[in-house]
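Subject: Structure handover

Hello,

Here is the structure for your files. My notes on what was found in it follow below.

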Amino acid sequence: STVTIKVSLSPRDGADVINRRLQVPLDLDPQRIPLNGFEIVMGMVANAFKSELAPGCNTRLGYKDEEGDDIVVSSDHELGVALMQQPPIRLFLSQVPQHGF
């Protein structure tokens with residue numbers, strides 16, 4: 001199935017937030033966990049933001065849960081939990097220097 005995901009990037013230089021709406025083809029297992037979905041989403045996000053991402057930085061995806069907490073998405077299972085939100089799914093992309101947080 002195809003899932004609509006809205007991804008927001010806050011550039012490190014303090015510029016305006018950049019939003020992209022992606023149509024992501026995902027195969028879901030019976031528990032609605034995407035199969036290889038994290039890899040697919042990260043590839044599409046990297047491509048969508050390639051001109052905005054700083055060289056030498058890693059990226060991290062996350063979302064705000066129903067309690068307002070920032071939740072990191074780093075696996076198919078965590079992506080499946082994020083997909084349980086009301087559509088469109090809103091994810092936040094952040095840039096992390098390679099040497100750590």
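**Salt bridges**

Searching the whole structure turns up two salt bridges, a salt bridge being a side-chain nitrogen of Lys or Arg within 4 Å of a carboxyl oxygen of Asp or Glu. This is a predicted model, in which local features need pLDDT of at least 70 and side-chain atom pairs count only at pLDDT 80 or more, while totals for chains, interfaces and linings use all residues. Residues are numbered from 1 along each chain as its sequence is written, and side-chain values use heavy atoms, with hydrogens and water left out.

Helices (H or I, at least four residues) and strands (E, at least two) are DSSP runs, numbered from the N terminus. E52 is partly exposed, at 24% relative accessible area, and R20 is partly exposed at 25%. The classes are buried under 20%, exposed over 50% and partly exposed in between (1.4 Å probe, protein chains only).

The other bridge is K64 with D70, where the closest N and O atoms are 2.6 Å apart. K64 is partly exposed, with a relative accessible area of 42%, whereas D70 is exposed, with 62%.

**Charge over a ring**

R20 also has its charged end over the ring of F49, 5.1 Å from the ring centre. The criterion is NZ of Lys or CZ of Arg within 6 Å of the ring centre and within 35 degrees of the ring normal.

**A residue in β1**

S8 lies in strand β1 (residues 2-9) and is buried, with a relative accessible area of 10%. Leaving aside residues up to four places away in sequence, S8 touches V17, I18, N19, L91, F92 and L93 (contact means heavy atoms within 4.5 Å).

**Largest pocket**

The largest pocket holds about 180 Å³ of space. Its lining has 14 residues, and those closest to the centre are G62, D70, F92, L93 and S94. β1, β3, β4 (70-73) and β5 (89-97) each give two or more residues to this lining, and β3 gives the most, with four. On a 1 Å grid over the protein atoms alone, a pocket is an open set of points where a 1.4 Å probe fits, with protein on both sides within 12 Å along at least five of seven lines; lining residues have an atom within 4 Å of a point. Grid points are joined across faces, edges and corners, and the volume is the space filled by probe spheres set on them.

Regards
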